[in-house]
Amino acid sequence: MHIHPLIDDSDTLSEFCDRLAQSDFVAVDTEFMRENTYWPDLCLVQIGNGDEAAAIDPKADGVNLAPLLDLLVDNEDVLKVFHAGGQDVEIVYNLTGKTPHPIFDTQIAAMALGLGEQIGYANLVDAMLGKSLDKGARFTDWARRPLDKRQLDYAVGDVTHLAEIFPKMLDRLRKTGRGAWINAEMEKLADPANYANLPEESWKRVRIQSRKAEVLGRLKAIAAWREIEAQDKDLPRGRLLRDETLADIALHPPKSQKALAKIRGLPSSWAGNDIGGRLMDVVANAGPLPDDEMPPRRNRKPGLGKEGALVADLLKLLLKIRSREIGVAARLVAKADELEQLAAGEREDLPILTGWRYEEFGRDALDLVEGRVAFAVRDGRLKVTHTKEEETADA
């Protein structure tokens with residue numbers, strides 16, 4: 001594979017992207033910094049196909065990223081391949097308001113191939129290519145210029161290996177017939193709704209021990225204010241106001257701005273400065289959360305008594321056994337809350353009761369809940385047996 005020098009001018013980037021646009025796929029990775037900012041600070045983009053690859057410097061003076069972004073979000077003919085690409089996709093969304101599509105994530109695909117639930121990139125390279133990666137440059141300051149050769153070699157290496165891994169994974173998925181198993185997961189990764197930081201929705205991420213409309217109304221208002229302030233100042237939201245402090249203010253609203261000095265987690269200066277005044281205005285003007293926005297009441301284990309909890313535990317055991325037998329990560333097949341819902345008697349809208357999940361696990365799960373499955377140890381291994389079939393055979 002031909003590795004180009006660092007691309008830091010618009011003409012070279014445009015020509016490079018024109019060639020990549022003729023490919024069936026491109027492997028993509030980014031390097032960014034976000035420890036001290038609200039928005040990820042994009043420092044480097046690496047992209048390549050099976051023939052050529054390069055790192056692109058988005059911080060270079062005057063460089064126009066439009067050809068690259070157009071390739072990622074508007075070219076439906078080229079598949080975009082990432083590994084654990086959620087943060088990479090977020091960066092592209094922040095720049096364009098769109099997500100890369102169509103998309104393929106090798107970490108998700110690895111679950112269908114039995115390589116683990118969240119396999120790291122170095123372990124994937126080792127498993128698929130038998131190569132060891134030098135991760136020494138991983139935690140360097142990617143925003144500092146100039147970038148040295150070791151940094152660039154490390155960065156470009158991520159996409160050159162990815163471009164080599166992807167065809168092998170695709171071939172294994174085709175041979176096992178498991179490509180369709182991960183389609184829905186890929187579409188979820190590409191869903192723009194996952195990356196829209198809407199201030200009015202941010203309260204839903206904050207834990208609070210209350211269902212009072214007045215408290216939740218304050219929580220929503222303060223969380224939205226925090227999001228806007230953090231975005232405007234380009235600060236991490238938690239550095240501006242931690243979740244715990246936000247929830248405490250919603251539960252116990254201060255009666256005056258001076259009282260902010262007594263709230264743990266707030267700078268004492270807020271008792272007299274402009275930001276503290278804006279916070280007090282938000283608290284004073286917050287109304288109760290409307291009925292149609294109230295979160296639904298959901299028990300962690302819906303309808304589960306002691307016996308139901310035992311059934312859920314048996315379903316988890318069954319999931320481990322079936323996942324081992326078919327060579328797929330358990331997380332791809334079913335989530336814990338689905339098993340608890342099934343144990344509680346729910347049958348509607350459960351993914352494990354449709355499609356390939358039903359064929360590989362859901363049918364056995366139903367049989368277990370309804371008394372037609374048992375566990376047995378045979379040849380030193382835990383197995384699943386269908387009791388009805390065995391009784392018929394004995395007769």
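Strand β1 (residues 2-3) pairs with β4 in the parallel sense over two bridges, where strands are DSSP runs of E with at least two residues, numbered from the N terminus, and two strands pair if DSSP finds at least two bridges between them. The structure is a predicted model, in which local features need pLDDT of at least 70, side-chain atom pairs count only at pLDDT 80 or more, and totals for chains, interfaces and linings use all residues. Residues are numbered from 1 along each chain as its sequence is written, and side-chain values use heavy atoms, with hydrogens and water left out.

The bridge partner of H2 in β4 is E52. Strand β3 (residues 41-48) runs antiparallel to β4 and is joined to β4 by four bridges; here G48 has A53 as its bridge partner. Three residues lie between β3 and β4, which form a hairpin.

Five of the five residues of β4 (residues 52-56) are buried, so this strand is largely enclosed by the rest of the structure; buried means under 20% relative accessible area (1.4 Å probe, protein chains only). Both faces are covered, with E52, A54 and I56 on one side and A53 and A55 on the other.

Technical notes. Buried means under 20% relative accessible area, exposed over 50%, partly exposed in between (1.4 Å probe, protein chains only).
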